[in-house]
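Please look through the sequence and the model shown here before reading the report. It is written for a reader who is new to protein structure.

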Amino acid sequence: MKTKNIPNKELSVGEVASRSGLPISTIHFYETKGLISSQRNNGNHRRYLRGVLRKLAVIKVAQKAGIPLSEIKQAMSQLSNDKTITADDWTQLAESWRAQLNERIDQLTRLRDTLGYCIGCGCLSVNDCELINPEDKLGEKGPGAYYLDPDVELDL
């Protein structure tokens, strides 16, 4: 059985939008942010290499995972603009975000576990919280939800 050879044709922004499920304005936005690139044809219309579809998929997944666009750009800058992202590239990108995602999961778990009885302690009670923050001692540290930040030492 012979496989169909997909031509290496360039895609218009409308074709990219249709294939990626993203609005044209989002594609233009990603381009202005340097996440993807296009070339201009003789009519000055944008043309994208087919590999942009996989890059857009990576961007969408990374954003759903909460990775900021600046970090997505930095990670993807290591890949050539004309290169289609491979499975090995995706493995490398995913691994580079793993520690950050694990930390975010830990923060969300702490938030979930304290949400029912405390706000972590910022403390948004009127003056003090007799449950976890007696005499508002954490207020002396300044603003913030200290129980949700593992890097802050609490000495109550």
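## Basis of the report

This is a predicted model, in which local features need pLDDT of at least 70 and side-chain atom pairs count only at pLDDT 80 or more, while totals for chains, interfaces and linings use all residues. Residues are numbered from 1 along each chain as its sequence is written, and side-chain values use heavy atoms, with hydrogens and water left out.

## Overall fold

The protein contains five helices and two strands, where helices (H or I, at least four residues) and strands (E, at least two) are DSSP runs numbered from the N terminus. Along the sequence these elements follow the pattern α-α-β-β-α-α-α.

Of the 156 residues, 27% count as buried; buried means under 20% relative accessible area, exposed means over 50%, and partly exposed lies in between, with a 1.4 Å probe and protein chains only. The protein exposes about 10500 Å², of which carbon and sulfur atoms supply 52%, and such accessible areas come from the Shrake-Rupley method with a 1.4 Å probe, with only the protein chains shown counting as cover for residues. Among contacts (heavy atoms within 4.5 Å) with a separation of 6 or more, 51% are between residues 24 or more positions apart.

## The nonpolar core

A nonpolar core is a set of buried Ala, Val, Leu, Ile, Met, Phe, Trp, Tyr and Cys residues joined through side-chain atoms within 4.5 Å. The largest one has 24 residues, and Val16, Ile27, Ile36, Leu56, Ile59, Ile72 and Trp97 touch the most other members. Each of the helices H1 (13-20), H2 (24-32), H3 (52-64), H4 (69-76) and H5 (87-115) supplies at least two residues of this core, and the largest share, six residues, comes from H3.

## Helix H3 and Ile59

Helix H3 has 13 residues and reaches 18 Å from its first C-alpha to its last, close to the 18 Å expected at 1.5 Å a residue; the expected span is 1.5 Å times one less than the number of residues. Its buried residues are Val52, Leu53, Lys55, Leu56, Val58, Ile59 and Ala62. H3 is followed by Gly66, whose phi is positive, near 90 degrees.

Ile59 lies in helix H3 and counts as buried because its relative accessibility is 0%. Leaving out residues up to four places away in sequence, Ile59 touches Tyr30, Leu35, Ile36, Leu69, Ile72 and Met76. The C-alpha atoms of Ile59 and Ile72 are separated by 6.9 Å, although the two are 13 residues apart along the chain.

## A loop residue

Asn44 lies in the loop between strand E1 (39-40) and strand E2 (46-47). Its phi is near 65 degrees, a positive value in a residue other than glycine. Most residues other than glycine have a negative phi.

## Salt bridges

A salt bridge is a side-chain nitrogen of Lys or Arg within 4 Å of a carboxyl oxygen of Asp or Glu, and by this rule the count comes to three. In one of them, the side chains of Glu31 and Arg46 meet at 3.0 Å, N to O. This pair links distant parts of the chain, with Glu31 in helix H2 and Arg46 in strand E2, 15 residues apart. Glu31 counts as buried because its relative accessibility is 18%, whereas Arg46, at 23%, counts as partly exposed.

Another joins Arg98 and Glu95, whose closest N and O atoms are 3.0 Å apart. Both residues lie in helix H5, three residues apart, about one turn of the helix.
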